[in-house]
Amino acid sequence: MLLLLLLLLVGPTAPVALAQKKAPAAKKSKAQLERERRANLKRIKETSRILAQTQQKKQASVGQLNAIQEKLVVQQGVIKNISSELRYIEGDVQQTEGQVQQTRQRLERLKAEYARLIYAGSKTANGYNRLMFLFAAESFNQFLLRLRYIRQYTEVRQAQAKQITQTQQRLGQQLTGLQQQRQEKGSLLSTQLSEKKTLTTLRVQQNQVITKLTQQEEGLRKELANRQRAISRLDNLIALRVREEIARAAREAARRAAARARAAEVAANAGRSPGATSRTPTTAAAEEAAATKAERTDRVTLTPETAKLAASFTDNRGRLPWPVGKGFISQRFGRHNHPVLKNVVVENRGVDIQTNSGESVRAVFSGKVLTVASVPGMGNIVMVQHGDYFTVYAKLRNVSVSEGQTVEARQTLGTVSTNAEGTSEVQFQVWRNSANLNPENWLGRK
C-alpha cells in the first residue's frame with residue numbers, strides 16, 4: 001500500500017511536466033509573430049504618411065496608387081500574421097485545457113486516496129491503539145517494522161496533503177492562464193475584424209484611384225514617354241561614365257606596367273657601357289601591348305586597394321543599407337506591366353523607392369563619387385564607385401557631395417526631390433562594370 005501511495009505521488013506528474021516543456025517553443029514562435037506584426041504596423045504607419053503627402057494634391061497620381069498598393073500588401077500581411085497568431089493561441093488554449101483536465105483528475109485521485117488514508121488512520125488515531133499495535137508484535141524485529149510503518153504512514157499522509165495543496169495551486173494558475181489566453185484570443189479576433197474592414201476600405205480607395213487614373217490615360221502615356229526619354233538619357237550617361245572609368249583604369253594600369261618595365265630595364269642596363277641604348281625593343285613592345293589592352297578591356301582594371309573594396313561590396317550582398325531611411329519600393333527592377341495602362345510594359349534599370357518629402361539620400365557603401373550631374377526628367381544624380389561596382393542615385397533635389405570625394409556607408413549624398421504630383425521618389429541602381437544588377441538582391445531587409 002505504501003508503494004502504491006508513492007507511485008500516486010510521483011507518477012501522474014510526468015504528463016504535466018512534459019506539456020510544460022513543450023510550451024516555450026510555441027511561445028517563441030508566437031513572440032516572433034508578434035514582432036512581425038508590430039513591424040508591419042510600423043510599415044503601414046510610414047506608408048500612411050507618404051500617402052498623405054501624395055493626397056495633398058487633389059488629382060490622383062501613380063505615386064498615390066503605389067502608396068495605396070503598398071498599404072494593401074502590408075495590410076494583408078498583418079491579417080495573415082494575426083491568423084497565424086490565432087492558430088498558436090488556439091493551440092495554447094487546447095493544451096492548457098488538457099492540462100486543466102489532467103490536473104483536476106489528479107486532484108480527485110489525491111483527495112480520494114487522502115480520504116482512504118484518513119479513514120485507515122482513524123482506527124489508530126489514539127495512542128492506546130498505536131501502543132497495542134506495536135506491542136502485539138511477535139518479535140523485536142516486527143516491532144521495529146511496525147514502528148517504521150507508523151512513521152512512514154504519517155509522512156505519506158503529510159506528503160499527500162502537501163500534494164493536494166500544490167495541485168490546487170497549479171489548477172488555479174492554469175485556470176488563470178486559460179482565462180488570459182481566451183481574452184487574448186478575443187482581442188485578436190476583434191483586431192482581425194478591424195484590420196479586414198481597413199483592407200476593404202483600402203481596396204475601395206484603390207479602385208477609385210485606378211478609375212480616376214484611367215480617365216487620364218492620355219496624360220499617363222505622355223508622362224510614360226517622358227520617363228522613358230529621361231531613363232534613356234540616364235542610361236547613356238551611366239554607360240559613358242563606366243566606359244570612361246574602364247579606359248582610365250586600364251591606361252593607369254598600362255602606365256604602371258610600363259613603369260615597371262622601364263625600372264627593370266634600368267636595372268638590367270646598370271652594368272652596361274655608357275654607349276648602350278637605354279630603351280630596348282622589348283620594353284617598347286610591352287608598352288604598346290599595354291596600351292592596346294587598355295583600349296580593348298570591358299571591365300575596370302583593379303588595384304589591390306580597389307579589388308579589396310569590390311570584394312567587400314560583394315560580401316555585403318543582401319545586407320546593404322537602404323539609400324533612404326524610410327520608404328517602400330514603388331517600382332521594381334526589370335520589365336513589368338504598367339499599374340494602370342493596359343498592355344503597356346515598362347522597364348526599370350533599378351528600383352524606385354517612394355519616401356517622405358525632404359528625406360536624405362545616403363550612400364549604401366563606402367566608395368568614391370565618380371559623377372555628379374543633372375539629367376532632365378531625373379533631376380540630380382550621384383554615381384559612386386566601389387571598385388568595379390557602381391551605385392547610382394537619381395531624382396535628387398540637391399547634392400551635398402562632389403566628384404572625386406570619398407564617402408562612407410550611410411553618408412548623406414543629397415535629398416530626394418518631390419514632383420508636381422507630390423510624390424517623393426529616389427531611383428537606385430547597381431552596376432558591375434557594364435552589367436546592370438537587381439538592387440533588391442543587394443539591399444538588406446527593411
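The model is predicted, with a chain average pLDDT of 79 and 77% of the residues scoring at least 70. Ring pairs join Phe313, Phe365, Tyr389 and Trp442 into a cluster, while the largest nonpolar core holds 27 residues.

**Confidence**

- Over residues 1-27 the pLDDT stays under 50, and for this stretch the model has 30 contacts beyond four places in sequence.
- Where pLDDT is low, the predicted coordinates should not be read in detail.

**Aromatic pairs and the Trp442 ring**

- The model contains five aromatic pairs, and in one of them the ring centres of Phe313 and Trp442 lie 5.2 Å apart with their planes at 35°, so this pair is classed as tilted.
- The Phe313–Trp442 pair links distant parts of the chain, since Phe313 belongs to helix H8 (residues 304-315) whereas Trp442 lies in the segment after strand E12 (435-437), 129 residues apart.
- Phe313 is buried, its relative accessible area being 0%, and Trp442 also counts as buried, at 4% relative accessibility, because the cut-off for burial is under 20%.
- Trp442 forms an aromatic pair with Tyr389 as well, and this one is edge-to-face, with 5.4 Å from centre to centre and 65° between the planes.
- Because Tyr389 lies in strand E8 (residues 389-399) and Trp442 in the segment after E12, the Tyr389–Trp442 pair ties together parts of the chain that are 53 residues apart in sequence.
- Both Tyr389 and Trp442 are buried.

**Nonpolar cores**

- Within the largest nonpolar core, of 27 residues, those with the most contacts inside it are Val382, Tyr393 and Leu413.
- The elements that contribute two or more residues to this core are helix H8 together with strands E4 (351-355), E7 (379-386), E8, E10 (412-416) and E11 (424-432).
- Val382, when residues up to four places away in sequence are not counted, touches Val369, Thr371, Val372, Thr391, Val392, Tyr393, Leu396, Val399, Val401 and Leu413.

**His386 in strand E7**

- His386 is part of strand E7 and counts as buried, with a relative accessibility of 0%.
- The side chain of His386 makes a polar contact with the side chain of Thr391, at 2.8 Å.
- Beyond its neighbours within four places in sequence, His386 is in contact with Leu309, Ala310, Phe313, Phe365, Ser366, Gly367 and Thr391; of these residues, Phe313 and Phe365 are also members of the aromatic cluster.

**Leu65 in helix H3**

- Leu65 is found in helix H3, which spans residues 62-122, and counts as buried at 0% relative accessibility.
- Computed along the sequence Leu65 and Leu51 are 14 residues apart, and in space their C-alpha atoms are separated by 8.6 Å.

Notes: Residues numbered from 1 in each chain as written. Predicted model: local features only at pLDDT ≥ 70, side-chain atom pairs only at ≥ 80, totals over all residues. Heavy atoms only, no water. Helix = DSSP H or I, 4+ residues; strand = E, 2+ residues; numbered from the N terminus. Buried < 20%, exposed > 50% of the residue type's maximum accessible area, 1.4 Å probe, protein only. pLDDT = per-residue confidence, 0-100. Contact = heavy atoms within 4.5 Å. Phe/Tyr/Trp six-rings, centres within 6.5 Å; stacked < 30°, edge-to-face > 60°. Core = buried A, V, L, I, M, F, W, Y, C linked by side-chain atoms within 4.5 Å. Polar contact = N/O pair within 3.5 Å; in protein donor to acceptor, adjacent residues only side chain to side chain.
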